[in-house]
Amino acid sequence: MINFKRFTLDNGLRVLVHEDNSTPLVAMNILYDVGSKDEDPEMTGIAHLFEHLMFGGSVNIPEYDKPLQMVGGENNAFTNNDITNYYLTVPSENIETGFWLESDRMQGLDFSQRNLDTQKRVVIEEFNQRYLNQPYGDAILKLRPLAYKVHPYRWPAIGRDISHVSAVDLKHIKEFFFSHYAPNNAILTLTGKITYERALRLSSEWFGPLPRRNIKERKLPVEPLQEEERSMVIESDVPSDALYKVWHIGPRKSPDYQALDLITDLLAGGETGRLHIKLVREKKLFSEINAYITSDIDPGLMTIHGKLMKGIDIMTAEESVNEVVNGLLEIDETEEEIEKVRNKFESSTVFSNTSILNKAVSLANYELLGNPELINMEVESYRGVSAEMVAEAAERFFPSSNCTTLYYKSSRKDS
Amino acid sequence: MIKNLQKMQPPVFPVERVIIPEVKSFSLNNGVTVYSIEAGTEDIMRMEIVFRAGQVKELIPLLSSTTNMMLSEGSQNYSSEEMNRLLDYYGAFLNLAPEKDLAGVVFFFLNKHIEKVLELSRELLFSPVFPEAELNALMKKRLRWFLVNREKVSNQSIDQFFESIFGKSHPYGRQLREQDFEMLNPSVIREFHSAYYTTDNMTIILSGKLVPGTPELLNRYFGNINSSKKQEKDIKVVISSEQQKLVHIEKNDAVQTAIRIGSPTINKCNKDYPGLKILNTVLGGYFGSRLMKNIREEKGFTYGISSNVSSLNLSGYKVISTEVSPKNCRQTIDEIFTEIKVLQNKPLTDDEMAVVRNYISGEMVRMFDGPFAIAESFRSVWEFGLDINYFHILSEKILKIKPDEIIELARTYYNIDDLYQVTVGPK
């Protein structure tokens with residue numbers, strides 16, 4: 001049970017506090033409700049570039065990291081399609097420095113041209129390192145625009161085209177900041193060795209004076225229902241063929257979410273997932289195979305991807321994947337297995353919640369979904385998933401007309 | 001106009017010296033040592049069972065890691081699938097952990113399932129059957145993983161780096177070849193297992209909110225097994241670094257060049273090690289390090305650059321790692337050497353010294369935050385025959401180290417002529 005208290009400042013900043021005195025540290029998480037889905041299709045990658053700029057100095061503080069290191073703190077951040085999330089941990093006695101740093105950069109950045117130029121280069125190197133200089137690294141760049149036709153999930157957080165990042169100028173950056181970074185568009189969570197009273201006092205002192213801002217209205221196009229199977233073949237100099245299949249699923253808050261998440265565990269959770277047992281161990285078609293759902297707020301994807309063993313025909317491999325997926329419709333075969341994945345979910349939740357940082361990030365995410373109480377209800381909702389619900393979700397989401405396939409083929413003769 | 005927030009940082013309180021918890025120990029009936037770390041608020045435990053059965057003990061490449069990975073591939077009483085299904089059913093997590101010096105298993109589980117986990121861990125450690133079909137399947141899979149990993153400049157460069165600094169024939173340095181994946185059979189695996197997975201070569205490290213009666217339970221499952229390590233099996237290859245200090249591996253389609261610069265060095269048993277760790281932090285061990293500032297935050301040449309110092313039982317090494325655009329490779333390397341020279345000649349300012357002291361003190365708090373972190377920290381010194389006192393020495397060193405000593409350490413341990421330089425990328 002994670003006990004927490006919640007309050008909202010006059011300027012709209014939502015604050016959640018969970019006291020845990022088993023640690024000498026405090027975790028502070030600030031979630032901004034802005035992600036790559038809020039980008040102009042002609043200027044993608046800006047939300048993520050912006051995350052980098054947030055460390056380059058703010059109104060009163062020339063450098064973000066140094067004062068935090070000075071108080072024994074550590075920090076990082078990530079950007080995805082939905083959110084930009086910043087977090088730090090620091091020994092409890094020095095948490096006020098965290099408030100100082102975070103409120104100052106919420107107030108404003110120093111918007112230096114030099115910092116922008118450097119961070120553009122860093123982001124381009126990040127793109128090169130993660131997507132171009134890894135075997136199969138570009139698969140996700142090809143897959144998204146195939147699966148999504150209009151919704152901004154069609155590009156990844158790094159951007160649709162890296163030239164967009166090169167083209168951003170300070171004017172865009174300022175505009176982006178003032179239309180997305182504001183107390184009324186953020187969620188602050190504090191977990192660890194901090195009392196509610198101290199959190200309330202420090203939040204009011206440091207974030208209270210910040211003004212509300214006009215947040216750019218979010219008008220996202222709705223992805224039309226996919227009616228026909230889509231596919232693409234690419235050939236590349238990689239050691240073996242790889243298969244990627246995605247299916248459109250519902251939004252994060254849809255009632256099918258937990259069943260779908262458990263489906264991916266049934267399929268590929270650990271050594272005893274069905275895909276692993278049947279296609280890696282028994283048929284020896286794949287050297288590795290994985291399944292997961294995106295936890296996107298808008299309708300997301302379920303993905304299965306695997307790398308093929310030498311000499312295996314990719315169409316044969318795909319047929320076997322489809323067989324396993326269709327097997328989800330057999331209700332009577334599933335009950336004991338569902339108990340297994342429900343138990344595993346419960347146990348992972350217990351382990352995950354031993355970290356104050358995980359708790360801070362989760363609380364912020366559930367608040368964004370509209371109900372932080374969900375953090376204590378999730379295990380129960382997974383417990384409630386039955387074999388019938390699994391079969392229903394499979395029937396609803398996994399017809400081939402809802403599927404997009406990427407055949408990532410090796411151009412080498414000996415693959 | 002909004003009211004400006006403060007320009008001044010709120011009061012900085014010195015990071016309180018971390019409270020390093022006591023680690024208790026006891027012996028099972030057969031003499032196996034158990035260390036226990038009682039902490040945490042949830043009814044969960046981490047149990048690590050570790051043997052000196054790492055890569056360093058192997059005569060044939062892949063023997064140690066494969067033996068370890070085959071433990072969960074079937075035992076006298078359970079097939080691989082049954083064993084894994086039970087672990088999953090009870091919500092337990094099993095990590096197989098083959099390393100350079102040690103190998104073993106780590107279980108994370110809910111306390112209520114401790115008996116089931118103990119039974120399964122006894123099965124997989126002491127009654128594995130190493131079936132041939134599973135072994136062949138595993139080796140075929142591992143070959144595919146290897147072929148994919150070999151494409152990555154980061155992997156290629158670190159493999160070459162280890163070969164350069166530890167030598168082609170030592171297990172620390174030997175690089176894998178495709179044919180190595182066809183050399184193993186169940187009988188060599190069995191032999192390695194019976195030589196090294198023995199009770200006189202075994203240690204248990206428990207952490208979490210321990211179940212009352214844990215010692216009795218451990219005795220019931222492990223205390224009556226007696227097996228001894230075959231000492232003569234240890235191999236006698238000495239570490240001998242390669243002559244060639246500069247190695248470039250050509251990979252013309254690479255978008256970035258990987259750089260690895262470093263050399264063999266002292267390990268935790270040496271009294272200079274805590275100081276070297278601090279020097280390493282200054283050079284490339286945190287976001288505010290000299291290398292991060294110069295190569296990433298000033299020049300924008302890379303997504304990340306870091307330096308590391310690591311201990312091995314028979315040696316240690318330090319390595320600076322980064323990936324940069326090929327056109328910036330030369331300048332990056334020059335800058336790395338420049339930063340080392342600056343550390344050898346110019347004392348740190350009080351300001352930087354304070355940041356580093358406080359940052360590492362904070363890191364130490366994180367290293368002891370919660371039962372599992374404590375267990376990992378303890379293991380990292382136990383492995384070298386040291387005890388938790390190492391951290392008292394380190395924490396003392398963090399408070400007391402002077403800029404002069406850092407210069408001295410940089411001169412002693414970062415002699416530029418001793419450094420190996422490996423690059424993988426276009427010509």
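## The end of helix α10(A)

Just after α10(A), K284(A) has a positive phi of about 55°. Helices here are DSSP runs of H or I with at least four residues, strands are E runs of at least two, and both are numbered from the N terminus. The model is predicted: local features need pLDDT of at least 70 and side-chain atom pairs count only at pLDDT 80 or more, while totals for chains, interfaces and linings use all residues. Residues are numbered from 1 along each chain as its sequence is written, and chains are lettered from A and ligands numbered from 1 in the order in which they are written.

Helix α10 of chain A spans residues 274-282, and R274(A), L275(A), H276(A), L279(A) and V280(A) are buried in it. A residue is buried with 20 or more other C-beta atoms within 10 Å of its own, exposed with 12 or fewer, and partly exposed in between, with C-beta atoms placed from the backbone.

## A six-stranded sheet in chain A

Six strands of chain A form an open sheet with mixed pairing, in the order β1-β2-β6-β3-β5-β4. β1 (5-8) and β4 (74-79) of chain A each have a single partner strand, so one side of each has no neighbour in the sheet. Two strands pair if DSSP finds at least two bridges between them.

β4(A) pairs with β5 (residues 84-91) of chain A in the antiparallel sense, over six bridges. Within β5(A), Y87(A) is the bridge partner of N76(A).

## K427 of chain B

K427(B) lies in the segment after β11 (420-425) of chain B. K427(B) counts as exposed because it has 7 C-beta neighbours inside 10 Å.
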